[in-house]
Amino acid sequence: MTEKLVNGDYVKCSGKNSLEKIDFIDEIVQSVILILTAHRGKFYPDKNFGSLLSDITCTPQDEYALCCARQALDGIDGVFVKKAQTAQDKYIFDLIINNEERQVEIKREFDL
(Lines give C-alpha, C1' and ligand atoms only; values in the text may rest on other atoms or scores of the structure.)
Protein backbone atom coordinates (compact mmCIF):
# COMPACT_ATOMS: atom_id res chain seq x y z
CA MET A 1 0.00 0.00 0.00
CA THR A 2 1.10 3.51 -0.73
CA GLU A 3 -0.06 7.04 0.02
CA LYS A 4 -2.97 8.52 -1.93
CA LEU A 5 -2.28 11.49 -4.22
CA VAL A 6 -4.90 13.91 -5.53
CA ASN A 7 -3.78 16.68 -7.89
CA GLY A 8 -0.17 16.12 -6.82
CA ASP A 9 -0.89 16.45 -3.08
CA TYR A 10 -0.99 13.73 -0.45
CA VAL A 11 -4.37 13.15 1.20
CA LYS A 12 -4.56 13.16 5.01
CA CYS A 13 -6.93 10.87 6.88
CA SER A 14 -9.76 12.89 8.35
CA GLY A 15 -9.13 13.62 12.03
CA LYS A 16 -5.74 11.89 12.07
CA ASN A 17 -2.13 12.90 11.59
CA SER A 18 -1.49 10.23 8.98
CA LEU A 19 -1.78 9.92 5.23
CA GLU A 20 -4.52 7.98 3.49
CA LYS A 21 -3.38 4.67 1.95
CA ILE A 22 -4.55 3.02 -1.27
CA ASP A 23 -4.43 -0.53 -2.61
CA PHE A 24 -2.29 -1.88 -5.46
CA ILE A 25 -4.76 -1.25 -8.32
CA ASP A 26 -5.38 2.34 -7.20
CA GLU A 27 -1.61 2.83 -7.00
CA ILE A 28 -1.36 1.79 -10.65
CA VAL A 29 -4.22 4.17 -11.52
CA GLN A 30 -2.24 7.01 -9.88
CA SER A 31 0.78 6.09 -11.99
CA VAL A 32 -1.36 5.98 -15.14
CA ILE A 33 -2.70 9.48 -14.41
CA LEU A 34 0.82 10.76 -13.82
CA ILE A 35 2.08 9.29 -17.10
CA LEU A 36 -0.89 10.52 -19.15
CA THR A 37 -0.67 14.08 -17.80
CA ALA A 38 3.11 14.38 -18.24
CA HIS A 39 4.23 15.86 -21.56
CA ARG A 40 6.28 13.30 -23.50
CA GLY A 41 9.84 14.47 -24.10
CA LYS A 42 9.89 16.98 -21.22
CA PHE A 43 11.17 14.62 -18.50
CA TYR A 44 14.96 14.77 -18.62
CA PRO A 45 15.92 11.30 -17.29
CA ASP A 46 13.54 9.52 -19.70
CA LYS A 47 12.49 11.30 -22.89
CA ASN A 48 9.86 8.58 -23.54
CA PHE A 49 8.03 9.22 -20.24
CA GLY A 50 4.62 10.84 -20.61
CA SER A 51 2.06 11.13 -23.39
CA LEU A 52 1.38 13.20 -26.47
CA LEU A 53 -2.23 13.96 -25.50
CA SER A 54 -1.48 17.68 -25.39
CA ASP A 55 -0.39 17.57 -29.06
CA ILE A 56 -3.74 16.34 -30.42
CA THR A 57 -5.20 19.04 -32.65
CA CYS A 58 -7.09 17.16 -35.36
CA THR A 59 -9.96 14.73 -35.63
CA PRO A 60 -10.89 12.00 -34.84
CA GLN A 61 -9.70 12.96 -31.36
CA ASP A 62 -10.97 9.76 -29.72
CA GLU A 63 -8.77 7.61 -31.93
CA TYR A 64 -5.71 9.84 -31.50
CA ALA A 65 -6.23 9.90 -27.73
CA LEU A 66 -6.45 6.11 -27.68
CA CYS A 67 -3.19 5.81 -29.67
CA CYS A 68 -1.38 8.34 -27.46
CA ALA A 69 -2.52 6.62 -24.27
CA ARG A 70 -1.55 3.17 -25.51
CA GLN A 71 1.88 4.47 -26.54
CA ALA A 72 2.44 6.14 -23.16
CA LEU A 73 1.33 3.12 -21.12
CA ASP A 74 2.97 0.47 -23.28
CA GLY A 75 5.66 -0.39 -20.74
CA ILE A 76 3.35 -1.00 -17.79
CA ASP A 77 2.58 -4.69 -17.29
CA GLY A 78 -1.07 -5.55 -16.77
CA VAL A 79 -2.42 -2.23 -18.10
CA PHE A 80 -4.44 -2.05 -21.32
CA VAL A 81 -6.31 1.00 -22.65
CA LYS A 82 -9.62 -0.36 -23.87
CA LYS A 83 -11.37 2.82 -25.02
CA ALA A 84 -10.89 6.59 -25.18
CA GLN A 85 -13.54 9.30 -25.35
CA THR A 86 -13.24 13.04 -25.59
CA ALA A 87 -15.55 15.27 -23.63
CA GLN A 88 -15.58 19.06 -23.80
CA ASP A 89 -12.69 19.59 -21.38
CA LYS A 90 -11.34 16.09 -20.67
CA TYR A 91 -10.34 12.72 -22.01
CA ILE A 92 -11.98 9.65 -20.52
CA PHE A 93 -10.10 6.36 -20.72
CA ASP A 94 -11.48 2.90 -19.96
CA LEU A 95 -8.64 0.72 -18.70
CA ILE A 96 -8.18 -2.92 -17.86
CA ILE A 97 -5.68 -3.28 -15.00
CA ASN A 98 -4.90 -6.85 -14.00
CA ASN A 99 -8.36 -7.96 -15.23
CA GLU A 100 -10.18 -5.14 -13.37
CA GLU A 101 -11.88 -2.37 -15.30
CA ARG A 102 -11.23 1.21 -14.23
CA GLN A 103 -11.93 4.62 -15.71
CA VAL A 104 -9.53 7.56 -15.71
CA GLU A 105 -10.30 11.18 -16.60
CA ILE A 106 -7.56 13.53 -17.79
CA LYS A 107 -8.17 17.25 -18.16
CA ARG A 108 -7.48 18.50 -21.67
CA GLU A 109 -4.95 21.29 -22.02
CA PHE A 110 -5.33 23.79 -24.82
CA ASP A 111 -2.78 26.48 -23.92
CA LEU A 112 0.64 24.82 -24.00
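**Close-up views of a predicted model**

**View 1. Phe93 and its contacts.** Skip the neighbours within four places in sequence, and Phe93 is in contact (heavy atoms within 4.5 Å) with Leu36, Leu53, Ala65, Ala69, Val81, Lys83, Ala84, Arg102, Gln103, Val104 and Ile106. This is a predicted model: local features need pLDDT of at least 70, side-chain atom pairs count only at pLDDT 80 or more, and totals for chains, interfaces and linings use all residues. Residues are numbered from 1 along each chain as its sequence is written, and side-chain values use heavy atoms, leaving out hydrogens and water.

**View 2. The largest nonpolar core.** A nonpolar core is a set of buried Ala, Val, Leu, Ile, Met, Phe, Trp, Tyr and Cys residues joined through side-chain atoms within 4.5 Å. Buried means under 20% relative accessible area (1.4 Å probe, protein chains only). The largest such core has 23 residues. Phe93 is among those with the most contacts inside it, as are Val32, Leu36, Leu53, Leu73 and Leu95. At least two core residues come from each of α1 (24-37), α2 (61-72), β5 (79-86), β6 (90-97) and β7 (100-107). Helices (H or I, at least four residues) and strands (E, at least two) are DSSP runs, numbered from the N terminus. α1 gives the most, with six residues.

**View 3. The open sheet.** Three strands line up as β5-β6-β7, with antiparallel pairing; strands pair if DSSP finds at least two bridges between them. β5 and β7 stand at the edges with a single partner strand each, so one side of each lacks a neighbour in the sheet. β5 and β6 pair over seven bridges. Val79 has Ile97 in β6 as its bridge partner.

Notes:
Buried means under 20% relative accessible area, exposed over 50%, partly exposed in between (1.4 Å probe, protein chains only).
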